[in-house]
Every structure is written in C-alpha cells, then in structure tokens.
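Q: I am new to this structure and would like to go through it step by step. Could we begin with the ligand?

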Amino acid sequence: MPEITVGRDDSDLEEYGEEFATAFIGKHIVGEQQEAHTANPLHLDIARPHVMGIFGKRGTGKSYTMGVLAEELKQSEEKVKDNLSTLMIDSMGIFWSMKNPNEDDAVILDHWDLNPQQIDIDLYVPEGHVDTFREKDIQFDRTFAIKPGDLNPGDWALAFDLDITEPMGVLLERIINDIRDDKGKTYTIENLIDYAYSHDDFEDNVRRALINRFERALDWGIFSVDAPDVEELTGRGNLTVLDVSMFEDLSGGWSARTLIVGLLSRKILRKRMESKRVEEIEEMEGIRTTESPIVWMLIDEAHQFAPEEGETAATNPLLQWAKIGREPGVSMVLATQQPNKLDSRILSQMDILLTHRLTAQNDIDALGNIMQTYMQYDITEYIDNLPRQDGAGIILDDNSERVYTVQIRPRLSWHAGGTPSAVKQERT
Ligand SMILES: Nc1ncnc2c1ncn2[C@@H]1O[C@H](COP(=O)(O)OP(=O)(O)O)[C@@H](O)[C@H]1O
Ligand SMILES: [Mg+2]
C-alpha cells in the first residue's frame with residue numbers, strides 16, 4: 001500500500017523514504033461522510049523540525065492527537081530517538097495517564113494491528129505541589145522549579161502585568177539590578193522582597209504593591225534556587241511531561257505557567273544554537289550524532305501561552321522558536337481550540353496544520369489565511385466533509401502543498417482527556 005508522509009519534501013523522501021524517521025499518526029480517509037473509509041497509513045516526518053498546529057473545537061481530539069504524536073516520538077527507531085527529546089507542557093494535567101496501557105481500547109487497537117502499551121514518560125510536577133499529587137496517588141518521577149535568578153525584569157513585568165515605566169516597574173528593575181550586583185544569579189523571592197522593603201527612596205504604597213505581587217508568586221510553588229537544568233528536562237530519547245495544571249485556583253496562575261514555558265523555551269533554544277555550531281564542525285569531520293537532542297515541545301491550550309491579544313512571558317520565546325527554530329533544530333506543536341486567539345505571527349510560521357472539526361467561522365478563517373495557496377476548495381468545505389467520528393481531521397501540509405483527510409489512530413496508552421485536572425480524577 002502506498003504510504004503518505006506529511007511534512008517531508010521531495011529530496012528528503014528520496015533520501016529517507018516514506019517511513020524512516022516518521023510518526024505513524026493515522027490513516028488517510030477517502031470518500032466523504034457516510035462513504036468515508038480509511039485507506040493508506042499516514043506518517044508525519046520527524047526527521048526535520050516543524051512548527052505544527054493542532055486545532056478543533058472542544059472534545060474533537062486535540063489532546064488525544066498530541067498524545068499519539070508523543071507516543072510516536074518516544075517510540076521511534078533507536079537511531080532517530082537518540083537524537084530526539086520531547087517536552088510536553090501539560091496544561092490540563094492529563095498526560096500522567098500515559099503510564100497506563102490503553103486496555104479499554106484493546107479491541108479497536110487490534111483492528112489497527114496495535115496493542116495497548118504503557119509509555120515510559122518522566123512526569124515532573126511543580127515542587128510546591130507534590131502533596132496534592134501524593135494525596136491523589138498520582139505517581140510522579142521528579143519535581144521541577146525555576147530559579148528566580150534566571151528571570152529578567154521584563155519576565156516579571158509580564159507575569160505581574162505591570163509596565164516597566166510605572167513606579168512599580170522601575171522599582172522592580174532597580175532591585176533586580178541591585179541583587180544581581182550583590183548575589184549574582186543565586187537569590188530567592190524572599191531576598192527580592194527584602195530588597196524591595198529596603199528601597200525607601202520609593203513610596204510606601206509602591207513597595208507594598210510590588211511585595212504583594214512577589215508574595216503571591218511565592219504561592220505558585222514553582223521557585224527554587226536548585227531547579228533542574230534544561231539538560232535534565234530534555235534527555236535523549238526521553239518524553240518529559242511537565243504538569244502545569246496546578247495553578248488554576250491560584251491568583252495569577254497563568255503567569256506561573258507562562259514564566260515556566262518562556263524560560264524553558266529560551267534556554268532550550270539557546271542550548272540548541274550552541275550545539276548547532278559544534279555539530280557543524282563535527283559534520284565536517286563525519287560525526288553524525290547530535291551534540292544535544294533535537295527538542296520537540298508540545299503545548300496543549302497554546303493560546304493561553306501566546307495569545308493573539310496581549311503578551312505573556314512566553315510570547316516572545318515561543319515566537320522565536322517558531323521563527324528561527326528550524327535552523328538550530330527545535331520543533332513545536334501547539335494545540336488550541338481557538339486558532340483565532342493564538343498569536344497570528346506564530347500561526348503564520350506553521351508548516352503543518354492538523355484540524356479536527358471546527359465550527360466558528362473566524363477560527364476557520366484564521367487557518368484559511370495561512371494555507372490558501374494550494375487548496376482546491378475553501379477550507380470550510382474540507383471541514384464540512386469530515387466524517388463525524390472521533391479523531392477525524394484534515395492535515396494541511398505546506399511542505400508537499402497538499403491536503404489530506406485523516407483518521408488519527410487509537411492511543412496505545414491511556415488518555416485521561418476530558419478530565420479537567422489530573423488531580424480531580426483518578427483511575428478506578
Ligand atoms: N483518534 C481518536 N480515536 C478514538 N477516540 C478519540 C480519538 N480522538 C479523540 N477521541 C475521543 O474523543 C475524546 C476527546 O478528545 P480530546 O483529545 O480529549 O479532546 P480535546 O479536543 O478537547 O482536547 C477522547 O477522550 C476520546 O474518547
Ligand atoms: Mg484537550
């Protein structure tokens with residue numbers, strides 16, 4: 001049966017073929033609606049970096065599809081896997097369940113010649129929230145945190161939603177400069193609070209307001225002077241799941257998530273840029289292993305991290321990934337039910353779009369705008385003709401300039417989706 005490989009251009013097809021270094025994500029659907037049936041296997045290129053979007057309205061399979069891709073990245077052939085590392089930003093707290101095989105769908109999996117299988121993820125939970133996970137009996141592997149010293153005044157300003165030119169912003173910048181002079185990069189939030197107190201050249205209410213923000217940030221439970229470094233979070237062949245679902249009930253909770261994602265993406269990109277230089281030298285000497293793995297970052301509910309309106313601490317780092325990431329080798333997969341609400345500068349960088357059923361016209365238009373050139377019909381028609389079954393979608397591939405209707409394969413590992421938070425439901 002002829003295979004379909006999306007995201008791979010002709011010269012790579014010639015070099016690697018249709019299957020090597022791909023993710024088996026589903027099957028091509030031929031025919032429309034009631035007549036639709038699945039045909040050829042559909043693969044997704046993982047040899048090259050991509051910027052991919054996964055869309056669809058609530059409950060249409062976005063997180064599920066992201067899980068399929070994560071399984072494939074983790075299970076790819078040794079030679080490929082060793083050069084890859086997958087980092088899943090789990091906004092909903094649902095991917096811990098990948099540690100369990102999908103026994104419930106054993107029969108369906110069998111139709112696909114697949115078996116239920118647990119996936120070996122490394123589940124990281126925020127240091128300040130371990131008790132919640134323990135109480136709910138969710139097995140995690142490690143804790144993560146970020147170092148206050150790694151954050152710039154600009155990061156804090158975005159997280160606290162304040163202007164760097166207003167008095168509070170000026171004070172913020174001042175204390176960070178002071179503390180860096182005194183302590184370098186090793187300081188705590190408590191240190192920052194002390195520095196703010198002692199700045200009596202600022203009005204009392206300004207100091208109080210800033211201290212108040214820092215005190216609230218302490219409640220996020222994500223700061224520590226000994227946080228794991230990016231090398232640990234992006235080990236070769238690893239699938240690291242960062243559960244960032246815990247901040248829902250906390251004031252400024254989304255700020256905590258965007259700080260984490262912003263900081264990590266900045267560090268990973270920097271690391272890959274350094275590695276790339278070394279690799280170029282090694283390539284000349286005939287060495288083929290990458291210096292550090294190519295990182296795939298998968299982000300669920302992505303519009304919260306890089307919204308079309310407003311800026312978060314993750315906006316710029318993610319925009320950088322999307323714009324220049326292909327060269328140093330970082331891939332990004334963003335899932336959202338509202339492509340229209342995702343930063344359009346990032347949207348326009350996407351080379352692979354996978355969309356499940358979407359109904360809001362402005363969301364459909366947002367996709368149509370970036371992929372118009374090679375589509376025979378309006379994107380609305382493709383979406384309208386989708387069979388009404390879970391996991392059906394269309395793929396728009398900028399590399400081959402083609403559109404495919406796809407049925408995403410069933411998950412090998414258990415999908416806890418639909419559950420709003422990991423800690424609110426356990427497997428019984
Ligand atoms: N490819 C698929 N095969 C079988 N069932 C699927 C598939 N994709 C989604 N589903 C079903 O749809 C439900 C909702 O999918 P989910 O990915 O959680 O939705 P959302 O788009 O809101 O992230 C899943 O729990 C699962 O039961
Ligand atoms: Mg989801």
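This is a predicted model: local features need pLDDT of at least 70, side-chain atom pairs count only at pLDDT 80 or more; totals for chains, interfaces and linings use all residues.

Q: Which residues come nearest to ligand 1?

A: There are 15 residues around ligand 1, and those that come nearest are G61, S63, Y64, G391 and G417.

Q: And how does that shell divide by class?

A: The shell around ligand 1 has 9 polar residues, together with 3 nonpolar and 3 charged ones.

Q: Let us step back. How many helices and strands does the protein have?

A: The protein has 15 helices and 13 strands. Its radius of gyration is 22 Å, close to the 22 Å given by the globule rule for 428 residues, so the protein is as compact as a globular protein of that length.

Q: What does the C-alpha trace span along its principal axes?

A: The span is about 75 × 55 × 40 Å.

Q: Which domains is the protein divided into?

A: Domain 1 covers 4–141 + 237–424, and domain 2 covers 148–219. The C-alpha centres of domain 1 and domain 2 lie 36 Å apart.

Q: How many residues does each domain give to the contact?

A: Domain 1 contributes 11 residues and domain 2 contributes 7 residues. On the side of domain 1 that touches domain 2, there are 6 polar, 4 nonpolar and 1 charged residues.

Q: Now the helices, please. At what angle do α6 and α7 cross?

A: Helix α6 (residues 153–160) and helix α7 (residues 167–183) cross at roughly 145 degrees, and their axes come within 9 Å.

Q: Is that crossing of α6 and α7 left-handed or right-handed?

A: α6 passes α7 in a right-handed crossing. P153, W156 and A157 of α6 make the contact with G169, L172, E173 and I176 of α7. By class, this contact of α6 with α7 has 5 nonpolar residues, 1 polar and 1 charged.

Q: What about α11 and α12: how far apart are their axes?

A: The axes of helix α11 (residues 253–285) and helix α12 (residues 315–324) are 8 Å apart, and the two helices pack at an angle of about 35 degrees. Here α11 passes α12 in a left-handed crossing.

Q: Which residues meet there, in α11 and in α12?

A: From α11, G262, S265, R266 and L269 meet P317, L318, Q320 and W321 in α12. The residues of this contact divide into 4 nonpolar, 3 polar and 1 charged.

Conventions
Residues are numbered from 1 along each chain as its sequence is written. Chains are lettered from A and ligands numbered from 1 in the order in which they are written. Domain bounds come from an automatic or database domain assignment. Two residues are in contact if their C-beta atoms, placed from the backbone, lie within 7 Å. Ala, Val, Leu, Ile, Met, Phe, Trp, Tyr, Cys and Pro count as nonpolar, Asp, Glu, Lys and Arg as charged, and the others, Gly among them, as polar. Axes are lines fitted to C-alpha atoms, for helices over the stretch in contact, and angles run from 0 to 180 degrees between N-to-C directions. Helices (H or I, at least four residues) and strands (E, at least two) are DSSP runs, numbered from the N terminus. A crossing is left-handed if the near helix is turned anticlockwise from the far one by less than a right angle, and right-handed if clockwise. A residue is near a molecule or strand if its C-beta atom, placed from the backbone, lies within 6 Å of it. The radius of gyration is taken over C-alpha atoms; the globule rule is 2.2 Å times the number of residues to the power 0.38.
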